[in-house]
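Please look at the sequence and the structure together, and keep both in view as you read the paragraphs that follow.

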Amino acid sequence: MRHDLWTPSGEPERYELFATSVPEGASESTDGERPLPVTRRQFCQALGAGVLVLLLREVRAVQESGGGRRAEIPSMPREISAWLHIANDGRVTVYTGKVEVGQNIRTSLTQVVAEELRVPMERIHLVMGDTDLTPFDLGTFGSRTTPVMAAHLRRVAAATRELLRDLAAERWKVERWAVEIAEGKVRHPASGRSQDIGELTRGQKLSRPIPDTVTLTPPTEWRIIGTSAPKVNGRAFVTGEHRYTSDLKLPGMLYGKVLRPPAFGATLVSVDTREAEAMPGVIVVRDGDFVGVAAPSTEQATRALVAIRAQWKTTPQPSSREIFEYLKKNEIEAEGRSRYVVGSLEDGWRLAEKQWQQTYTVAYIAHAPLEPRAAVAEWKDGRLTVWTGTQRPFGVRSELARAFGLPEDRVRVIVPDTGSGYGGKHTGEAAIEAARLARAAGRPVKVVWTREEEFTWAYFRPAGVIEVRSGMKGDGTITAWEFHTYNSGAAAIRTPYAIPNQWIEFHPTRSPLRQGSYRALAATANHFARETAMDELAHLVGIDPLEFRLKNLKDERLRAVLEAAAHRFGWGKPKTAPDRGMGLAAGFEKGGYVATCAEIAVDRATGEVSVLRVVTAFECGAILNPDHLKNQIEGALVMGLGGALFEAIEFENGKILNPRFSRYRVPRFSDLPQIDVVLLDRRDLPSAGAGETPIVGIAPAIGNAIFHATGMRLRSLPLAPNGLKGETRLP
Amino acid sequence: MREVIELYVNGVRHRLEVEPNRSLLSVLREDLDLTGAKYGCGEGQCGACTVLVAGRATRSCTTPVHLVAGRSILTIEGLARDGRLHPLQEAFLEVGALQCGYCTPGMIMSGVALLNANPDPSEAEIIRFMNGHICRCGTYGRIVRAIQRAAQKMKEARP
């Protein structure tokens, strides 16, 4: 049993990746611990002349405690996690296995390289998520790009800068300290000599590992990091030029469709594909329970699919009505089970003057990325190349290699900048389907999932049950805290409040639906329960919810965001109207600190709950790009509002009942509250990622505001899928 | 049953032999390789496929292609003139009104239709007009600001 739930390598994700099919051994290592996809020599030859700088790291045994998953990398003495190349024309190319899914890391990573290399951003190009060209990377999730990859690239770029200084000093026979680098040029002011870095490196064939000590530009001297640089290549997105995977077209390419079972757990009894096979240009593939078609257009493929007659055997499946009882009854022993104990609950209960307990639940929800899963596969010369939108290009490469019995170096996965993921694109279903069809067709095949397929056959954010029990002194000092999460996950399960006696436990359970990562993972569920409970406790002892939190809180960074949000929001002022209410919530996850205040209104006639305004204060260390950070926070709040108020997957006996946008409500323009973001820039602290954590405060803040408005305590997410109409408790 | 139809897309005439009930979206994307309009839901619920037909914002995923034969169709690819972006495209970049960008072409085409019909829309009018569009990244507030900014730019550009 693990006791330390949060480690810098992001342990909770490892559990929450359980929707994926990670091969034995290799892929569950931490970032970077894999051999090169091609040999370094081949790579250098492919790049041609120029300067290549590699970030090398000491190799470690992979997954020391993984029981049977141990993997050593004997041939590679050191490991590479990022590299950078300067071509003869001075263009800088940076290679990283991270992918761009809308979080704008293509921009922030370009900024850090530009800063350290002293080269304008326009001259830097990032090659991302291409398993033949970029170093191994575990995946783009867990808010790891900023703390890990940005830090790596800063070191790579800074080392390159010093290499350029050496080159210039040697060429000009001057002291290296006298060489200046700015705007892509090296200069020697004393003699007036100046050269573009491309001229300086022309004809050179240099390859250098990064020395152990590299001088990074201190935050006080940043000129590019910390500015709101606009989205790199933004023009291609507003003109429609950018090609997502679903937009790609190869010569001779066919369009593929896959026959889906009528329900989860169904198996194929018999299938008649004769009519489909008779259609001109149509190829039908049958392989076990896999039945798919490929045709010259999507329409023809769809018609062929409809013409297939299949009989399936179904088995009874649980339904959403009974999901919470199901989870409580189906606890399992599994990896990821964890417990965190502080002091003794017995002592805590003895000291408590008031005792209290409650149960909270959260529903399964869907990521619903606007670009559904898509892949284009091509077999050529014994190699498989797949373009696909995934957050784990190397993971999908492993899935493909295993599915087709190929060594990994015969598989290439390329990830074009993708139409979002939110944790929902860790897997390679469409990639495998396209590759199966392409192999049979002998031509490239594109598979794009329909919205209904995406809502049904992708994976979901786990549903969960959370039981909280607490004891307090009469003055509101919490003495005991017991917290049990069933199924949702362990992310942010620990309380940030200073409580002397705690028992916190994550209980894995069986899940009737396929489940996996979702933006912020279980931090949303655990914060919802914890921050609603904190509100309930505050009311129990008659203390203002802000004051109550501050009273039980020692963490200065969390106090800072809580106070900043409350101040901007005007916390403590009376209600602006009878059916309005204000609530707050705070939390910490993945290196980021967040506090959110919300004001809501309830329409008594319709029961509708609207969120009028939201203030979120966020602190994640030194800010790389303030506007893109704000954009992520605003986006997380809007997305979180859906899960807070109305999003829920409904299912019955193996079928999803609301697999369309017309039946699954997501936030729209009219749901948008007034949003005010307060950024706390801590240049004295390392930067943490920010794509996820800002989502965790909105649900409890809204729930607490509903209580303030109506006196009704709602303890299930979504809080008000049909508004509060019919709520008998509405006073 | 295939038919020959004529489509006028971004000022270019195309003669195509297609099944008349195919969606305009699939013809644009698969036959003409104009992939700016996106598939998002196939039921006219998300707006990612929006193009202008005779100036009106139209969901191309639910529009059979024969209905728009001979009519003027504008897609995101035809919006910039001689390499110069439309004021709304500029405003999207200036405001940073996108994250993954997948909904952006549809948002911009609807925004252009709105601004053509109502050069000075109020915030409430923008929200009402755009409410059929989904941005899962949640950039709605920025899109509203971009439309307002483009309205201002277009007002200033008028003599």
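A polar contact is a pair of N or O atoms within 3.5 Å, where, within protein, one atom must be able to donate a hydrogen and the other to accept it, and where residues adjacent in sequence count only if both atoms are side-chain atoms. This is a predicted model, in which local features need pLDDT of at least 70 and side-chain atom pairs count only at pLDDT 80 or more, while totals for chains, interfaces and linings use all residues. Residues are numbered from 1 along each chain as its sequence is written, chains are lettered from A and ligands numbered from 1 in the order in which they are written, and side-chain values use heavy atoms, with hydrogens and water left out.

Contact, meaning heavy atoms within 4.5 Å, joins 16 residues of domain 1 of chain B to 12 residues of domain 2 of chain B.

The size of an interface is often given as the accessible area lost when the parts come together. Buried area here is the accessible area (1.4 Å probe) that two parts lose on being put together, summed over both, and for domain 1 and domain 2 of chain B this comes to about 1200 Å², with 63% of it on carbon and sulfur atoms.

We now turn to the meeting of the two chains. Here 53 residues of chain A are in contact with 51 residues of chain B, and the area buried between chain A and chain B is about 4300 Å², of which carbon and sulfur atoms give 51%. On the side of chain A, the residues that lose the most area to chain B are Val238(A), Leu370(A) and Phe669(A), which together account for 21% of what that side buries.

A salt bridge is a side-chain nitrogen of Lys or Arg within 4 Å of a carboxyl oxygen of Asp or Glu. Between domain 1 and domain 2 of chain B the count is zero salt bridges, whereas between chain A and chain B the count is nine. In one salt bridge, Arg142(B) is paired with Glu634(A), and their closest N and O atoms are 2.7 Å apart. Chain A and chain B also have 35 residue pairs in polar contact, both at pLDDT 80 or more.
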